[in-house]
Amino acid sequence: MTHSGYIFAKRFLDISVSLFALIVFSPIFLVISSFYLFGENRGPVFYKQRRIGMNHREFGIYKFRSMVVGAEEKLYANKELYAKFVENGYKLPTEEDPRITKFGAFIRRTSIDELPQFINILIGDMSIVGPRPVVEKELIEYGDRVDKFLSVKPGAMGLWQASGRSEIQYPERADLEISYVDRADLWFDFKILFMTVFAIFKGDGAM
């Protein structure tokens, strides 16, 4: 398949699958939304975070909110917590993150919090498969390969989490993401898709 043919087929699949998923999962969206009406979860249903996409274009990635309101500001205000966040590959273990609610821990563990990313896929910010989109501060981890990393559309599923994301830190993570750019084709995308689904059921992957 030619490069242009691959891009067309990938976008066709992105639109088709994301539309189907949003329709099928709409009852889950309604049920999950009801949990944000009371208790420690009370507040916005969705969390929108700035990420860097293809060709350095910024976009807002959607997730069901798993943290208390204002969690990002609390992270930056706590120097010790932020240092641990950076050291751990720009994330914190759920059980060690004081910002995460009990309901948030559940939807993270089951990867339900990632379902709204089908909205990003539908509007073209992301693809089903591709390197995971990162926050701007993480780009330093890619060094002189950052333009290559950002030469493809980021994905909801990628080689990093398909390989067991909780155990893989930088710089190995960067190497995995770059290797996807080198090998990207439709069959490799399908392989990553099935690997990611398997990883989610094992509990060490996510969309």
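**Close-up views of a surface patch and salt bridges**

**View 1. Leu-37 sits in the loop that joins helix 2 (26-34) to strand 1 (46-52).** Helices (H or I, at least four residues) and strands (E, at least two) are DSSP runs numbered from the N terminus. This is a predicted model, in which local features need pLDDT of at least 70 and side-chain atom pairs pLDDT 80 or more, while totals for chains, interfaces and linings use all residues. Residues are numbered from 1 along each chain as its sequence is written, and side-chain values use heavy atoms, without hydrogens or water. Leu-37 is exposed, at 56% relative accessibility (buried, under 20%; exposed, over 50%; partly exposed, in between; 1.4 Å probe, protein chains only). Together with Val-31, Phe-35 and Phe-38, Leu-37 makes up a nonpolar surface patch of about 390 Å² accessible area (Shrake-Rupley method, 1.4 Å probe, only the protein chains shown counting as cover; patch residues have over 30% relative accessible area and no salt bridge, with nonpolar side chains joined within 5 Å and like charges within 9 Å).

**View 2. A salt bridge pairs Glu-114 with Lys-63 at 3.7 Å, N to O.** The partners are 51 residues apart, Glu-114 in the loop between helix 5 (102-109) and helix 6 (117-123) and Lys-63 in strand 2 (residues 58-64). Both Glu-114 and Lys-63 are buried. A salt bridge requires a Lys or Arg side-chain nitrogen within 4 Å of an Asp or Glu carboxyl oxygen.

**View 3. Lys-148 and Asp-182 form a salt bridge, with their closest N and O atoms 2.5 Å apart.** Lys-148 belongs to helix 7 (residues 146-149) and Asp-182 to helix 9 (residues 172-183), so the pair ties together parts 34 residues apart in sequence. Lys-148 is partly exposed at 35%, whereas Asp-182 is exposed at 51%.

View 4. The Glu-58 and Arg-50 side chains meet at 2.6 Å, N to O. Glu-58 is partly exposed, with 40% relative accessible area, and Arg-50 is exposed, with 52% relative accessibility.
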